[in-house]
Amino acid sequence: MATETEEYFGQAPLPGVQYPLTVHYCGNCSMPIEFCEFCPSYEKCKAWLEQNLPDVFSQLNTKDGGGGDGEDAEDEKKRQKRGGKGMVRLKKKDDTPKKVVVFLSPRGKKKTTVIMGLKTFDLDLKACSKTLGQKFACGCSVTGPDEIVLQGDIKEDVIDFILDKWPQIDDDSIEDGGERKR
């Protein structure tokens with residue numbers, strides 16, 4: 001027989017604790033009942049615990065301070081649900097003028113057509129780039145936060161295509177930038 005003062009692997013038993021320890025697991029969330037309060041369905045865990053282990057439930061309620069349901073309801077609203085987004089942030093509305101600028105940019109002996117400002121009309125630049133590249137059978141890429149570069153001198157054709165393809169862009173909001181360096 002071992003006495004209570006014996007040490008096992010450098011650990012002495014705690015005074016007032018019955019060994020071996022018994023751990024109760026929740027039937028709702030399958031966690032130890034001490035951790036049920038961190039579960040998203042805490043109310044269901046409390047109901048299961050009250051129905052199946054009433055003596056443990058009464059001890060748990062006396063530790064918590066006796067069923068403060070008003071606080072639990074408020075915490076339930078604040079607590080993130082499993083699989084949801086923590087905090088939804090609203091996008092800032094830009095007050096920048098909606099304008100598309102199309103210009104030519106020299107690149108050695110060749111020229112490239114640059115389109116800037118499609119993002120102000122809430123268009124996806126990757127999708128626009130792919131559409132333009134397929135239409136004009138040329139290399140097309142997104143090079144900046146609001147810039148698409150097409151290979152070749154196709155500025156006039158691009159302006160006509162933008163007016164036909166995207167009806168939210170009217171003739172007044174497209175500017176011909178001429179030829180300039182980026």
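A crossing of two helices is left-handed if the near helix is turned anticlockwise from the far one by less than a right angle, and right-handed if it is turned clockwise. Keep that in mind for the helix pair.

First, the ground rules. This is a predicted model, where local features need pLDDT of at least 70, side-chain atom pairs count only at pLDDT 80 or more, and totals for chains, interfaces and linings use all residues. Residues are numbered from 1 along each chain as its sequence is written, and side-chain values use heavy atoms, with hydrogens and water left out.

Now the overview. The protein has 5 helices and 5 strands. Helices (H or I, at least four residues) and strands (E, at least two) are DSSP runs, numbered from the N terminus. The order from the N terminus is α-α-α-β-β-α-β-β-α-β. Of the 182 residues, 26% are buried. Buried means under 20% relative accessible area, exposed means over 50%, and partly exposed is in between (1.4 Å probe, protein chains only). The accessible surface is about 13800 Å², and carbon and sulfur atoms account for 52% of it. Those areas come from the Shrake-Rupley method with a 1.4 Å probe; for residues, only the protein chains shown count as cover. Next, contacts, meaning heavy atoms within 4.5 Å. Take those between residues at least 6 apart in sequence: 46% of them join residues at least 24 apart.

On to the helix pair. How do α4 and α5 cross? Helix α4 spans residues 125–136 and helix α5 spans residues 155–165. Their axes come within 12 Å and cross at roughly 125°. Axes here are lines fitted to C-alpha atoms, for helices over the stretch in contact, and angles run from 0 to 180 degrees between N-to-C directions. The two helices are therefore oblique to each other. For the cut-offs: under 35 degrees is roughly parallel, over 145 roughly antiparallel, 65 to 115 roughly perpendicular, and the rest oblique. The crossing of α4 past α5 is right-handed. From α4, the contact uses T131, L132, K135 and F136; from α5, it uses D157, V158, F161 and K165. By class, that gives 4 nonpolar, 1 polar and 3 charged residues. Ala, Val, Leu, Ile, Met, Phe, Trp, Tyr, Cys and Pro count as nonpolar, Asp, Glu, Lys and Arg as charged, and the others, Gly among them, as polar.

A137 is in the loop between α4 and β3. A137 has a positive phi of about 50°, although it is not a glycine. A137 is exposed, at 73% relative accessible area. G139 lies in that loop between α4 and β3 too, with β3 at 140–144. G139 counts as partly exposed, at 28% relative accessibility. Setting aside residues up to four places away in sequence, G139 touches V149, L150 and Q151. G139 and G152 are 13 residues apart in sequence, and their C-alpha atoms are 8.6 Å apart.

Is S105 buried or exposed? S105 is buried, at 5% relative accessibility. S105 sits in strand β1, residues 100–107. Beyond four places in sequence, S105 touches K110, K111, T112, V114, R180, K181 and R182.

Last, the segment before α1, which itself covers 42–52. P20 is in that segment, and the peptide bond from Y19 to P20 is cis, with omega near 0°. S30 is also placed before α1. S30 has a positive phi, near 60°, and is not a glycine. S30 is exposed, with 59% relative accessible area.
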